[in-house]
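Take a look at the model below. Then follow this report through its helices, side chains and rings.

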Amino acid sequence: MAQPVRQSHGRFSALTSVLNSDGKAHPVENSLVAATIVLGAVAFVTAQFDNLHLISSWTGLIGVLTGAWGQMISATTAERFLLIIGLGAAAFGFFLGMAHGGLFGGVLG
């Protein structure tokens, strides 16, 4: 028997249909994916500048932690794929931020 196809016409319907490829909603996992991607992008971009090491190191650290937690609870392959991209960018930003001055910028040490 043919099942009716539900089409959502929301703002992010195409992205959520890819992330929720198993047909179930995953709001927590999708939120962690979005947070990891944003934090990774900020850490990656700010790591390119020496004087922004505080931002890159903190956003990179938080991005790595949210990405790791997202990997633990992810449900679909698309979520894991985007989490790995965000994790890589966050780790890159974190490591360069640590090389340029660290989490506290020489205030504690």
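Is Ser57 buried or exposed? Ser57 has 0% relative accessibility, so it counts as buried. Buried means under 20% relative accessible area, exposed means over 50%, and partly exposed lies in between (1.4 Å probe, protein chains only).

This is a predicted model: local features need pLDDT of at least 70, side-chain atom pairs count only at pLDDT 80 or more, and totals for chains, interfaces and linings use all residues. Residues are numbered from 1 along each chain as its sequence is written, and side-chain values use heavy atoms, with hydrogens and water left out.

**The chain as a whole**

The protein chain has four helices and zero strands. From the N terminus on, its elements run α-α-α-α. Helices (H or I, at least four residues) and strands (E, at least two) are DSSP runs, numbered from the N terminus. The protein chain has 109 residues, and 33% of them count as buried. Now take its contacts between residues at least 6 apart in sequence: 75% of them join residues at least 24 apart. Contact means heavy atoms within 4.5 Å.

Ser57 sits in helix α3, which covers residues 53–73. Set aside its neighbours within four places in sequence, and Ser57 is in contact with Gly93, Phe94, Gly97, Met98, Gly102 and Leu103. Gln71 is also placed in helix α3. With a relative accessible area of 25%, Gln71 is partly exposed. Val33 is 38 residues from Gln71 in sequence, and their C-alpha atoms are 9.1 Å apart in space.

**Helix α4**

Helix α4 holds 24 residues, 77–100. At 1.5 Å a residue, α4 should span 34 Å, and its end C-alpha atoms are 35 Å apart, which agrees. The expected span is 1.5 Å times one less than the number of residues. Which residues of α4 are buried? They are Glu79, Leu83, Gly86, Leu87, Ala89, Ala90, Gly93, Phe94 and Gly97. Just after α4, Gly102 takes a positive phi of about 90 degrees.

**Aromatic pairs**

How many aromatic pairs does the structure hold? It holds three. Rings of Phe, Tyr and Trp (its six-membered ring) pair if their centres lie within 6.5 Å; planes under 30 degrees apart count as stacked, over 60 as edge-to-face and the rest as tilted.

The rings of Trp58 and Phe104 have centres 5.8 Å apart and planes at 80 degrees, so this pair is edge-to-face. The pair links distant parts of the chain, 46 residues apart: Trp58 is in helix α3, and Phe104 is in the segment after α4. Trp58 is partly exposed at 34% relative accessible area, and Phe104 is partly exposed at 44%.

The rings of Phe94 and Phe95 have centres 5.6 Å apart and planes at 50 degrees, so this pair is tilted. Phe94 is buried, with a relative accessible area of 16%, whereas Phe95 counts as exposed at 56%.
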